[in-house]
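Hi,

Here is the structure I promised to pass on, followed by what turned up in it. Have a look at it before you read the rest.

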Amino acid sequence: MTKAFWKPHRIVMLALAAAIVLWCAFNMNWTWLPDYLDKIPLAIWRTIWLTAASMTLGMMLAIPLGLAQAAGPWYLSTPARVYCSIIRGTPLLLQLWLLYYGLGSLFPQFPWIRESWMWPILRQAWPYALLALTLSVAGYEGEVMRGALKGVPGGQLEAARAMGMPRTKSFFRIWLPQALHRALPTIGGETVLQMKSTPLVATITVVDIYSLSKRVTQDTFIVYEPLLLLAVVYMIMAGMIVLLFKWLESRVPSRTA
Amino acid sequence: MLGLIAPTAAASAFDLLAWSPPGWGATLVAGLWNTILIAFGAYGLGLFIGVLGAFGKLYGGPITRDLLGVYTTLVRAVPELVLILILYFAVTDAVNQFLVFNGYERIQLSGVAAGIAVLGIVQGAYSTEVLRGAIQSVPAGQIEAARAMGMPPMLLARRVTLPLMTAAAVPGLANLWLTCTKDTALLAVVGFIELTKATSLAAGTTKAFLTFYLAAGVLYLILSLLSGVVFGRIERWARKGQRPMAGGGM
């Protein structure tokens, strides 16, 4: 912390904030906490896992989607654009329910699906949650990647071609790394947004940290305390994501003119 | 195919979506109306908070700035769903305590009012940031010139800062409006009957899940496409008189 941060009014505000936290810790009802303590780490892990897995898989889909929009022929770029508009134009909650209740209600009608090895997986809720989150990431990041791929200076690609690099190699060595570098701050922000949309999976019975807090409320009729703790947990996770992306950005050397 | 989508005997997708009672068309449209109503209200409230917040963040005293910083950071770090639950209970509690304190009866807050208040507070944090950026893009010379002419702050904001920042703010505000229409779906989780909740009620009753969720998706999509057209027009209007970027103006 630098000297500029420690101004008198900030010290007073921090003291007030500390007082509020202490008041919450001693005057609110936290008796339920020990009973649920052993379930909290697993629930937090589910949230982190859903965020990380959907971001990774979603980015893998987003790169081709962005490439198709940035440089593809019309029969690739039009479907990609339509897909992105549909995902970005409808609420994630609706997409989630469409996949879980809609697709989920179709599958049992086919005996060959019920008898296949996939059925024990398809009967659970988490594949639908992961699928909906992944498709949503792909839609939003596809748009981001389109801009990032288009933003790479054409001279870089021409230079690669002049050196005799094949198209695939120049894409993976020149075009994509520079585009990802450009998009990194945006992707960091989108990861926080993605983490913030994971509690929706609780509505299709996936037990993440949000649904655990709802269960506490149902069991004990305590409303505010679990929600406040939940907000703190999410804030810490958001802070960690921001720090992670700051570290990632600092690892990539960039020349500032 | 339609038989697959709607397993209830002899009910095709079009019968289910019909306007009058065996169909659920009227329910869905009523839900859509609620969605639009809340989105408009919340967006307006958010803009109001955003304008005040942006001016406070740029020109306010140190305490105002820090408090606004805490507000925008907190709201943007916590999931909307959790905020909606916290604010929903907190707002209802606060209103009721106020009423009881003044000797009135407790009331059940209407879903629309609570939804607008809650989503408006969330939107306000995002609008603050968008508008702050837009105000900063106004050339400092313009504001200094107005001050030099002796314009009082309110007149300056109304005549110089707000009109000049509109063009820079419109793309960000258009995004916020789309987020706002989609965030209304979160109110379904607290049981408010907007489009998503109405759809899930219809789907749960008729077991025609795909039909109804696809229909609702189309309604949301139409809403967002229409908004895109409207905001495109607003942006063109706001950029009226600006020199085109490529021309090397400014």
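Let's begin with a term you'll need for helix pairs: a crossing is left-handed if the near helix is turned anticlockwise from the far one by less than a right angle, and right-handed if clockwise. Helices themselves (H or I, at least four residues) and strands (E, at least two) are DSSP runs, numbered from the N terminus.

Some housekeeping first. This is a predicted model, where local features need pLDDT of at least 70, side-chain atom pairs count only at pLDDT 80 or more, and totals for chains, interfaces and linings use all residues. Residues are numbered from 1 along each chain as its sequence is written, while chains are lettered from A and ligands numbered from 1 in the order in which they are written.

**Helix pairs in chain A**

Now to that handedness: α3(A) passes α4(A) in a left-handed crossing. The axes of α3 (residues 40–71) and α4 of chain A come within 8 Å and cross at roughly 125°. Axes here are lines fitted to C-alpha atoms, for helices over the stretch in contact, and angles run from 0 to 180 degrees between N-to-C directions. The two helices, α3(A) and α4(A), are therefore oblique to each other; angles under 35 degrees count as roughly parallel, over 145 as roughly antiparallel, 65 to 115 as roughly perpendicular and the rest as oblique.

Which residues meet? L65(A), A68(A) and Q69(A) from α3(A) are in contact with L76(A), S77(A), A80(A), R81(A), Y83(A) and C84(A) from α4(A). Contact means that the C-beta atoms of two residues, placed from the backbone, lie within 7 Å. Sorted by class, the residues of this contact are 6 nonpolar, 2 polar and 1 charged. For the classes, Ala, Val, Leu, Ile, Met, Phe, Trp, Tyr, Cys and Pro count as nonpolar, Asp, Glu, Lys and Arg as charged, and the others, Gly among them, as polar.

Next come α8 (residues 126–151) and α10 (residues 167–197) of chain A, whose axes come within 8 Å and cross at roughly 145°. The crossing of α8(A) with α10(A) is right-handed. Residues of α8(A) that take part include Y140(A), V144(A) and A148(A), and α10(A) brings residues including W175(A), R182(A) and E190(A). The contact between α8(A) and α10(A) has 10 nonpolar, 3 polar and 3 charged residues.

**Where the chains touch**

30 residues of chain A are in contact with 31 residues of chain B. On the chain A side, α1 (8–27), α4 (74–89), α5 (92–106) and α12 (224–251) each supply at least two residues. The largest share, 8 residues, comes from α5(A). By class, this side of chain A has 20 nonpolar, 7 polar and 3 charged residues.

Take a closer look at α12(A). It has 28 residues and reaches 41 Å from its first C-alpha to its last, close to the 40 Å expected at 1.5 Å a residue (the expected span is 1.5 Å times one less than the number of residues). Its buried residues are P226(A), L227(A), L230(A), Y234(A), M237(A), A238(A) and I241(A). Buried means 20 or more other C-beta atoms within 10 Å of a residue's own, exposed means 12 or fewer, and partly exposed is in between, with C-beta atoms placed from the backbone. What covers the buried residues of α12(A) includes α10 and α11 (209–220) of chain A, together with α4 (62–77) and α5 (80–101) of chain B.

**Chain B**

Chain B has 10 helices and 0 strands. Of its 250 residues, 35% count as buried. Among its contacts with a separation of 6 or more, 72% are between residues 24 or more positions apart.

In one pair, α3 (residues 25–59) and α6 (residues 111–136) of chain B pack at an angle of about 40°, with their axes 5 Å apart. That angle makes α3(B) oblique to α6(B), and their crossing is right-handed. The contact of α3(B) with α6(B) divides into 16 nonpolar, 11 polar and 2 charged residues.

Most residues other than glycine have a negative phi. T205(A), in the loop between α10 and α11 of chain A, has a positive phi near 70°. With 13 C-beta neighbours inside 10 Å, T205(A) is partly exposed.

K207(B) has a positive phi too, of about 65°. You'll find K207(B) in the loop between α9 (195–206) and α10 (209–238) of chain B.

Cheers
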